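Here are my notes for a colleague opening this entry for the first time. Please keep the viewer at hand while reading.

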Amino acid sequence: MIGVDLYLSQPFAQHALIAGALVALTCGLIGPFVVTRGMAFAVHGTSELAFTGAAGGLVVADNPIAGALVGALLVAAVIGLLGVHERERDSAIGVILAFGLGLGVLLLSYYHGFATAATNILFGDIFGVSNDELLGLVAIGIAVTVVMIVIYRPLLFASVDPDVASARGVPVRLLGIVFLLTLAFTVTEAAQVVGTLLVLSLAITPAAAAQRLSPNPLVVTGLSVLFAMVACEGGLLASLVSTTVKPSVFVTSISFGIYVVARAVAPTLRHRRRPGVAPDATMV
Amino acid sequence: MSAVIELRDGSLRYGTRVLWEHLELAVASGEFLAVLGPNGAGKTTLLKVLLGLAPLSGGQATVLGSAPRRGDHRIGYVPQQKAFDADLPLRGRDLVRFGLDGHRRGVPLANRAILAAVDDAIAAVGATGYADAPIGELSGGEQQRLRIAQALVGDPRILLCDEPLLSLDLAQQQAVSRLIDARSHERDTAVVFVTHDINPIIEHVDRVLYLVEGRWAIGPPGDVMTTEQLTALYRTPVDVVDVRGRIIVISSDDIGGAHDHGHHHLDVGLPSRRATRGPVRR
């Protein structure tokens with residue numbers, strides 16, 4: 001444990017934990033909407049294309065984060081244009097994803113810098129980012145958080161009840177596009193910690209676990225942020241203890257563990273909430 | 001009589017297809033208007049016009065003194081019943097609250113006045129017992145009561161309902177339509193109720209608007225739901241039979257068939273909708 005104390009006094013570890021907290025906050029905030037809107041695959045597609053962007057950024061400008069952001073925004077725009085139909089959207093994402101990954105591998109073959117660069121894009125390298133990059137991540141984190149708080153209520157309305165929301169004057173389509181862009185920024189951020197391949201462990205898993213535990217949207221959002229925070233910061237700390245393993249391994253493991261526990265305790269909670277009431281008993 | 005909804009020479013077309021035209025309609029405060037007709041007759045689109053979600057192709061619509069506009073909070077809207085996913089993290093209480101402030105920016109924090117209004121609306125539809133349960137775990141009837149509470153929580157002057165009884169059993173149909181009718185009387189709320197079957201609401205209905213292939217008829221149920229009137233609308237022999245207060249509409253093709261719901265079999269045996277159209281009355 002002495003090792004951890006030593007690391008925690010180092011700026012690189014402190015910065016990583018700050019960035020990790022922001023990543024967890026933003027992922028925890030968008031997660032419940034990703035689950036409710038059935039966009040898990042869109043998140044995966046966006047992060048895979050962030051990999052392609054990062055590979056491109058690495059080759060062109062030696063800047064994988066900017067490249068990842070461009071890639072993620074591009075695919076978010078395409079998903080937004082493809083529109084609303086979930087099934088159509090998913091198959092289109094699959095098509096783009098496969099092509100994008102191939103393109104990313106091609107781009108990496110032109111890169112002759114550090115050999116670990118590719119693995120870092122795929123599996124994350126939060127301890128390796130520079131001060132400037134961290135500042136950028138902090139800025140993105142704050143921006144995403146502010147946007148999510150501002151659009152929270154109408155976005156929730158539009159996500160669960162689009163017909164009535166539209167009649168009540170909620171700009172359903174516009175909110176969908178704003179959410180996609182927010183998602184792109186969040187995915188790019190999260191990819192720095194867990195890598196583009198494992199973004200789902202922060203953007204989906206905590207929200208899916210939270211959803212098992214409460215039907216109250218605000219509670220779900222709170223729990224989702226908490227779970228993402230525990231997984232992210234816990235993973236970073238654990239990797240300071242055993243430095244040979246990448247933080248993303250711990251992050252995904254803790255995240256998955258929380259989900260398993262949530263699934264296990266959910267039936268008990270549910271039973272307590274509505275004890276012994278048959279679905280139609282109140283109507284008679 | 002002051003009309004809260006007015007349509008003058010209203011028409012609605014999709015390309016060359018006429019849903020209805022030259023429609024004249026005036027709905028008064030506290031009036032219960034049922035909108036009937038086969039699938040594709042433009043019943044739902046009529047509601048969309050009144051909600052400001054679809055423009056008229058011709059003519060003029062007036063809702064509470066001005067042109068229809070999206071987000072008019074003097075209108076309550078109950079959409080077609082769509083079941084919520086069982087694991088959707090949303091309570092009936094949250095759905096009802098959307099009817100009050102769902103369009104506002106920010107996070108829905110606790111606010112005493114809003115919580116009280118939501119509680120009242122939930123109690124008024126008898127949903128207090130299950131308003132905190134996940135909405136996806138409720139029955140269709142329970143969900144529909146909460147939908148009505150959502151539409152009424154803002155105390156609207158007009159209530160637009162799109163097939164609110166669909167997929168409910170008979171007891172639930174009666175309970176839900178009684179709720180709507182009671183509100184209409186208590187607060188003088190005008191109700192426009194789109195349905196394919198008039199029987200569950202027949203005792204509440206003041207007037208019927210019947211739309212068929214671009215033609216329409218309007219009047220008290222006893223005047224519109226007649227063999228002559230519907231035969232003229234459908235342009236094919238139609239029999240309207242009163243069975244102990246239940247109105248059964250049978251197309252001639254149906255006779256001898258073993259149908260139990262009567263009404264919605266009309267569009268099954270009808271000739272192609274590409275027939276010439278024109279309103280029955282001008």
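This is a predicted model: local features need pLDDT of at least 70, side-chain atom pairs count only at pLDDT 80 or more; totals for chains, interfaces and linings use all residues.

1. **Where the chains meet.** The contact involves 32 residues of chain A and 31 residues of chain B. On the chain A side, the elements that give two or more residues are α2 (11-36), α7 (131-160), α8 (162-167) and α12 (217-241) of chain A. The top contributor is α7(A), with eight residues. Sorted by class, the chain A side has 18 nonpolar, seven polar and seven charged residues.

2. **The three-stranded sheet of chain B.** This sheet is open and antiparallel, with the strand order β2-β1-β4 (chain B). At its edges stand β2 (17-28) and β4 (58-63) of chain B. Each edge strand has a single partner, so one side of each lacks a neighbour in the sheet. On average, neighbouring strands here are turned by 15° against each other, direction ignored.

3. **Inside that sheet.** Strand β1 (residues 3-14) of chain B and β2(B) run antiparallel and are joined by eight bridges.

4. Which strands does helix α1 (residues 43-50) of chain B lie across? They are β1, β2 and β4 of chain B. The helix runs at about 60° to β4(B).

5. **The β5 end.** Four bridges link β5(B) and β6(B), and the two strands run parallel. One bridge pairs B:Tyr77 with B:Leu160 in β6(B).

6. **The strand β8(B).** Is β8(B) largely enclosed or largely open? Five of its six residues are buried, so the rest of the structure largely encloses β8(B). Strand β3 (residues 32-36) of chain B runs parallel to β8(B), with four bridges between them. There, B:Leu33 stands opposite B:Arg207. The pairing of β8(B) with β9(B) is antiparallel and has five bridges. In that pair, B:Val208 has B:Gly219 of β9(B) as its bridge partner.

7. **The hairpin turn.** Two residues separate β8(B) and β9(B), which form a hairpin. In the turn, B:Glu213 has a positive phi of about 45°.

8. **The buried face of α7(B).** In this helix (residues 227-234), B:Leu230, B:Leu233 and B:Tyr234 are buried. They lie on the same side of α7(B), because they cover an arc of only 85° around the axis. What covers the buried residues includes β8 (207-212), β9 (215-219), β10 (238-243) and β11 (246-251) of chain B. Just after the helix, B:Arg235 takes a positive phi of about 55°.

9. **Two loop residues to check.** B:Asp155 sits in the loop between α4 (140-152) and β6 (158-162) of chain B. Its phi is near 55°, a positive value in a residue other than glycine. B:Asp155 has 14 other C-beta atoms within 10 Å, so B:Asp155 counts as partly exposed. B:Glu163 lies in the loop between β6 and α5 (170-187) of chain B. Its phi is near 45°, again positive and not in a glycine. B:Glu163 is partly exposed, with 18 other C-beta atoms within 10 Å.

10. **An exposed helix residue.** B:Ala116 belongs to helix α3 (residues 112-124) of chain B. Why does B:Ala116 count as exposed? B:Ala116 has 10 C-beta neighbours inside 10 Å, and the cut-off for exposed is 12 or fewer. From B:Ala116 to B:Val192 the C-alpha distance is 28 Å, and they are 76 residues apart in sequence.

Definitions and conventions: Residues are numbered from 1 along each chain as its sequence is written. Chains are lettered from A and ligands numbered from 1 in the order in which they are written. Two residues are in contact if their C-beta atoms, placed from the backbone, lie within 7 Å. Ala, Val, Leu, Ile, Met, Phe, Trp, Tyr, Cys and Pro count as nonpolar, Asp, Glu, Lys and Arg as charged, and the others, Gly among them, as polar. A residue is buried if 20 or more other C-beta atoms lie within 10 Å of its own, exposed if 12 or fewer, and partly exposed in between; C-beta atoms are placed from the backbone. The arc is that of the directions from the helix axis to the C-beta atoms. Two strands pair if DSSP finds at least two bridges between them. Axes are lines fitted to C-alpha atoms, for helices over the stretch in contact, and angles run from 0 to 180 degrees between N-to-C directions.
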